[in-house]
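Trainee: Could you walk me through this one? I'd like to see how the chains meet.

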Amino acid sequence: MKGHRQFKFSWTVFIVFFGLVSLLWAGLSLDPRLLPSSMISKPFPSFSLPNLNAQTDLVQTNDLKGKVGMVHIWATWCGICLQEHDALMEISKKSSFPMYGILYQDDPRDGRRWLQQNGDPYDLSILDQRGRLGLDLGVYGTPETFVIDAKGIIRYRAVGAMTMRRFEKELLPILTELKAGKR
Amino acid sequence: MRHIHWVLGIGLLWISCLSMASMPPVFERHEQEVRYINLIKNFRCVTCQNQSLSESNAPVAEAMRAEIVHQLKAGHSDQEITDFLVERYGDFVLYRPPLKPHTLPLWLAPIVIAFIALGGMIWTVIHFKEKWNVKE
């Protein structure tokens, strides 16, 4: 092969190779856990589940309506939930928005004991022992935090540990705008 | 160890993907059991995303399997159960990506790349044959 053609050939190979590498690299950088929530802009699923702190009382979807707030999915078997809990307590104290907790696929006694030991940031705690509400929400795992508006429509979903910084950056802007009626 | 909770959290999540599967459900009719086994092979565990529901022991997988059992016994069809999960989790929950316009690149890319590679190899051999002096 003459020098000129060999040069073009090498360049073609390099371009194809680097093209492939870039494509695969971009693919690796995507986090599959950050899939768009199919629940955004949909109403919070209808449910009727026991209040964690008074299991004979039933909490229903309408109990979450009326105020812009956050719904937090957690469990005692979830290590990250313990890690983030201090931040959750701080957020609950500092923010005026209600925070509802859903205990997911867990024993209610363990849940109550956990909250007693670590602090209870929730205005209301719901027991989802079978995990059906979690399923209806499209939950991948714990912890997850949803923002709901006064009509009970899901407006945002945050997957993974909640921190003060994430709250201020991701949740607070939406919560504030919803409350002001700007969304 | 300040970060023990991170270690525990990630460790627990990882272990939950690997541990032995829980007791299989009991069905009244054999046909339901066959459908169940088939269905759980075709859905992805969204926590341990390389595993199907039949392999994973993550809590979300348990919840999904329990729901499938519940719906099967309530008389729902395979399509209804599939639609139920896809509605909540998107196409991603199907273990085999469906053949839709937006998944065509996913299905065709490996074949196309294989052909390019094969073509490149053949071309290289043909054009460099003299230079390499391949002896018969």
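Trainee: How many salt bridges does the rule find across the interface of chain B and chain A?

Mentor: First, this is a predicted model, so local features need pLDDT of at least 70, side-chain atom pairs count only at pLDDT 80 or more, and totals for chains, interfaces and linings use all residues. Residues are numbered from 1 along each chain as written, chains are lettered from A and ligands numbered from 1 in written order, and side-chain values use heavy atoms, without hydrogens and water. A salt bridge here is a side-chain nitrogen of Lys or Arg within 4 Å of a carboxyl oxygen of Asp or Glu. Across the interface of chain B and chain A, that rule gives 3.

Trainee: Which residue forms a salt bridge with A:Arg132?

Mentor: Look across to chain B. The closest N and O atoms of the pair are 3.0 Å apart, and the partner is B:Glu67.

Trainee: Which helix gives the largest share of the side of chain B that touches chain A?

Mentor: Helices are DSSP runs (H or I, at least four residues), numbered from the N terminus. On chain B, α1 (4-18), α3 (59-73), α4 (78-89) and α5 each supply at least two residues of that side. The largest share, 7 residues, comes from α3(B).

Trainee: How many residues of chain A are in contact with chain B?

Mentor: Contact means heavy atoms within 4.5 Å. Chain B brings 26 residues to it, and the number from chain A is 28.
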